[in-house]
Amino acid sequence: MALTQGVTAVIPTIPTEHRQTTLKRALDSVRNQDHTVAPGIIVATDTTHAGAAATRNRGLAEVTTEYVAFLDDDDEWLPHHTRILMDAARESGADIIYPWFRVISGNAFDPFPGAFRRPFEADALRESNYIPTTVLARTDMVRDVGGFEPHGDQQQSACDDWGLWLKLLDAGATFHHVPMVTWLWHWHGKHTSGLGDRW
């Protein structure tokens, strides 16, 4: 498939009343970007209990743009998210761009202490995951390595995304950290982001 210029948002979700509420918030945050997400948004709904990773991969298969930006249905982008990440991709030439987040919860904490503003370190990433799912990535590279790892089996990790990052490292992908907060992580213990990646 020939990819066109631009970025597509991929959002996995499940058909529950609570998720429909958070999905609307996520969709609104994409529509409110000051850099247009084109051709648009792909919402992949898990109706068979396949899990977040497999659902993201189904959404990824439909992307027709050079870049894909992942967002979980219970989180949201700040208005400058895609603009900052696309600018960083052009300036750095990196394949994976990851910014930072602000945790929104009653007992907010940073699940990756010390990683914010720290330049990317491949050896550190091989030791443990410190990159949440909310990244901008070259679509073809993610597809070429097989996408996300269902159910976090990679190195007995609970993180579906860590398995993908490790496959991308092995394939020669380059990573770049943007030391800015560009999205909100709504932490509630039953999320699709990073840690404990289950519905």
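Which side chain does the side chain of D95 make a polar contact with?

**Entry 1: ground rules.** I am looking at a predicted model, where local features need pLDDT of at least 70 and side-chain atom pairs count only at pLDDT 80 or more, while totals for chains, interfaces and linings use all residues. Residues are numbered from 1 along each chain as its sequence is written, and side-chain values use heavy atoms, with hydrogens and water left out.

**Entry 2: the whole chain.** I looked up the helices and strands (DSSP runs numbered from the N terminus: H or I of at least four residues for helices, E of at least two for strands). The protein chain has six helices and seven strands, in the order β-α-β-α-β-β-α-β-α-β-α-α-β. Of its 199 residues, 55% are buried; buried means under 20% relative accessible area with a 1.4 Å probe, counting protein chains only. I also checked contacts (heavy atoms within 4.5 Å). Among those with a separation of 6 or more, 78% join residues 24 or more positions apart.

**Entry 3: confidence.** pLDDT is the predictor's confidence in each residue, from 0 to 100. Its mean over the protein chain is 89, and 88% of the residues reach 70 or more. Residues 152–157 fall below 50, and this stretch has 13 contacts in the model beyond near neighbours in sequence. Residues 191–198 also stay under 50, with 37 contacts beyond four places in sequence.

**Entry 4: back to D95.** I found D95 in the loop between α3 (81–92) and β5. My answer is R138: the two side chains make a polar contact at 2.8 Å. For a polar contact, I need a pair of N or O atoms within 3.5 Å; within protein, one must be able to donate a hydrogen and the other to accept it, and residues adjacent in sequence count only if both atoms are side-chain atoms. The D95 side chain also reaches the backbone nitrogen of T174, at 2.9 Å.

Is D95 buried or exposed? I noted it as buried, because its relative accessible area is 11%. Leaving aside residues up to four places away in sequence, D95 touches L136, A137, R138, M141, G172, A173 and T174.

**Entry 5: helix α6.** In α6 (residues 160–170), 10 of the 11 residues are buried, including W162, W165 and L168. What do these buried residues pack against? I listed α2 (52–60), β5 (96–104), α4 (122–127), α5 (139–144) and β7 (175–186).

Key. Buried < 20%, exposed > 50% of the residue type's maximum accessible area, 1.4 Å probe, protein only.
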